[in-house]
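Dear colleague,

I am pleased to hand over the structure that follows.

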Amino acid sequence: MVDLIEKKRDGLPLTKEEIEWCVAGYTNGEIPDYQMSALAMAIYFQDLNEDERAELTMSMAESGDQIDLSQIEGIKVDKHSTGGVGDKTTIALAPLVAALGVPVAKMSGRGLGHTGGTIDKLEAIPGFDCEMDTDTFVSLVNKNKVAVAGQTGNLTPADKKLYALRDVTGSVNAMALIASSIMSKKIASGADAIVLDVKTGSGAFMKTLEDSTALAQAMVNIGDRVGRQTMAIISDMSQPLGKAVGNALEIQEAIDVVKGKGPDDVRELCLVLGSHMVYFAKKAPSVEAARQMLIEVIENGKAEEVLKTFIAAQGGNPNVVDDPTIFAQAQHKIAVKATTAGTVESIAANQIGVAAMKLGAGRATKEDEIDLSVGLILEKKVGDRVEKGDTLVTLHASTMQVDEVTDLIHEAYKIGTHDTPAPTLIYKEVYPS
């Protein structure tokens with residue numbers, strides 16, 4: 001291991017065999033944390049070439065269980081988002097794409113941060129169950145073209161160990177390690193093709209378009225090298241996506257999108273990501289044709305029917321699609337009002353996320369309980385005109401003690417005198433280089 005650390009420290013590439021040996025040794029406890037953290041720091045400064053990135057990804061994917069989706073008919077296309085505030089696209093996308101016969105076999109996790117993960121959000125639907133064995137998962141996807149399950153316990157253990165180590169040794173932001181970490185989970189999850197939604201802006205992991213593009217390119221190139229059709233969309237996270245932040249509230253917004261309503265930005269992002277998924281699955285001759293097909297299943301109600309079937313098949317109450325009062329309701333709705341007139345110039349997405357977490361919509365630690373009913377609705381977004389006393393945000397809260405949350409929201413909103421256009425939603429598409 002000392003030899004490998006010195007080799008990478010000096011900027012030399014590691015071989016496939018060296019990377020495999022290192023990942024296996026670290027996973028089974030033969031290589032100590034202090035040596036692996038030294039290697040991670042060497043990678044941080046010296047980077048990995050394209051071959052090394054692909055080998056590291058595959059070694060981590062092969063370090064634990066790999067989900068075999070070969071019994072699912074058709075081309076399995078997965079979508080991965082690098083996350084942000086108000087990102088509920090999976091919940092709307094899955095039934096939209098499934099309505100066109102594309103199998104959506106989605107493994108999702110729970111959230112640590114602003115709101116729950118996709119699994120937490122879906123559990124806001126009364127009765128909805130994401131825990132199932134692989135056979136049940138496969139049969140549900142074959143029958144209904146869509147299922148969402150919680151991740152198995154032993155998916156990419158090497159990545160889990162390495163990520164925890166990077167987190168406490170200052171090497172999280174190594175591009176090669178971020179890209180390999182994300183892609184190892186996608187490969188282990190069994191997808192044939194992958195559409196990535198890489199966020200950019202104040203509420204994203206990557207704050208600048210340059211960094212977001214570099215991450216997208218790194219992940220797309222890894223996918224291509226390991227034999228998965230992969231592309232990425234760079235989308236905006238300079239303000240929260242949609243209007244709802246919070247678990248049950250986000251599910252309701254996703255349902256609205258499937259029914260042809262809902263915020264324009266959520267709908268558009270779903271159409272852009274979905275059209276690439278449908279095209280990768282060979283269900284449309286072009287991305288443009290795929291988009292038209294998605295619009296049709298929204299307009300003719302087929303996507304809504306698939307959504308109801310999906311919810312019912314996993315034990316949920318499908319009546320939530322037509323009756324949002326079935327969702328758990330927060331005890332209090334509190335308006336946060338504008339103190340000045342003007343135009344919304346910016347909304348700090350991260351602060352809105354923290355505000356939602358303080359209300360109880362997310363977890364600060366793994367042990368925290370989430371209140372699925374709480375959250376907030378953004379009544380004004382970037383570019384909107386505001387008069388003094390207008391409601392900026394409606395809080396859905398379990399208590400009237402929300403001074404700290406209200407302060408966060410006032411800090412997050414910048415209201416000025418300049419006319420500000422709504423931010424660009426889709427910046428670019430990234431393909432293998």
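Predicted model: local features only at pLDDT ≥ 70, side-chain atom pairs only at ≥ 80, totals over all residues.

Residues are numbered from 1 along each chain as its sequence is written, and side-chain values use heavy atoms, with hydrogens and water left out.

**Residues in the helices and strands**

Glutamine 35 is placed in helix H3, residues 33–46; helices (H or I, at least four residues) and strands (E, at least two) are DSSP runs, numbered from the N terminus. With a relative accessible area of 17%, glutamine 35 is buried, because buried means under 20% relative accessible area, while exposed means over 50% and partly exposed in between (1.4 Å probe, protein chains only). Not counting residues up to four places away in sequence, glutamine 35 touches Met1, Val2 and Ile5, where contact means heavy atoms within 4.5 Å.

H3 is also a partner of helix H8: the buried residues of H8 pack against helix H2 (16–27), H3, helix H4 (50–61) and helix H9 (175–188). Those buried residues of H8 (residues 157–167) are Pro157, Ala158, Asp159, Leu162, Leu165 and Arg166.

Leucine 96 belongs to helix H5, residues 89–98, and is buried, its relative accessible area being 1%. Its contacts, leaving aside neighbours within four places in sequence, are Cys270, Leu294, Val297, Ile298 and Ala303. Leucine 96 and valine 306 are 210 residues apart along the chain, yet their C-alpha atoms are separated by 7.9 Å.

Lysine 199 sits in strand E4, residues 193–200. Lysine 199 is buried as well, with a relative accessible area of 1%. Among the residues that lysine 199 touches, not counting those up to four places away in sequence, are Ser81, Asp87, Asp236 and Leu269.

**Residues in the loops**

Most residues other than glycine have a negative phi, and most peptide bonds are trans. Threonine 156 has a positive phi of about 40 degrees although it is not a glycine. Threonine 156 lies in the loop between strand E3 (146–150) and H8, and counts as buried at 1% relative accessibility. Lysine 282 also has a positive phi, near 60 degrees. Is lysine 282 buried or exposed? At 64% relative accessibility, lysine 282 counts as exposed; its place is the loop between H12 and helix H13 (287–299).

Glycine 11 is found in the loop between helix H1 (2–9) and H2, and counts as partly exposed at 39% relative accessibility.

**The nonpolar cores**

A nonpolar core is a set of buried Ala, Val, Leu, Ile, Met, Phe, Trp, Tyr and Cys residues joined through side-chain atoms within 4.5 Å. The largest nonpolar core has 58 residues, of which Val77, Val97, Leu122, Ile125, Val278, Phe310 and Ile311 touch the most other members. Its largest share, 9 residues, comes from helix H12 (residues 264–280). Apart from this core lies another, of 36 residues, among them Ala61, Met206, Ala216 and Ala232.

Leucine 122 is in contact with Ile91, Phe128, Cys130, Val148, Ile251 and Phe310, leaving aside its neighbours within four places in sequence.

**The C-terminal domain in the record**

An unreviewed UniProt entry lists residues 343–416 as "domain: Pyrimidine nucleoside phosphorylase C-terminal"; UniProt positions are given in the numbering used here, feature names are shortened, and annotations may be inferred rather than shown by experiment. In the model, the end C-alpha atoms of residues 343–416 lie 5 Å apart, and the span is 28% helix and 30% strand.

Lysine 380 is in the loop between strand E9 (375–378) and strand E10 (385–386). Its contacts, leaving aside neighbours within four places in sequence, include Val344, Ile347, Asp390 and Tyr413. Lysine 380 and methionine 107 are 33 Å apart in space, C-alpha to C-alpha, and 273 residues apart in sequence.

Yours sincerely
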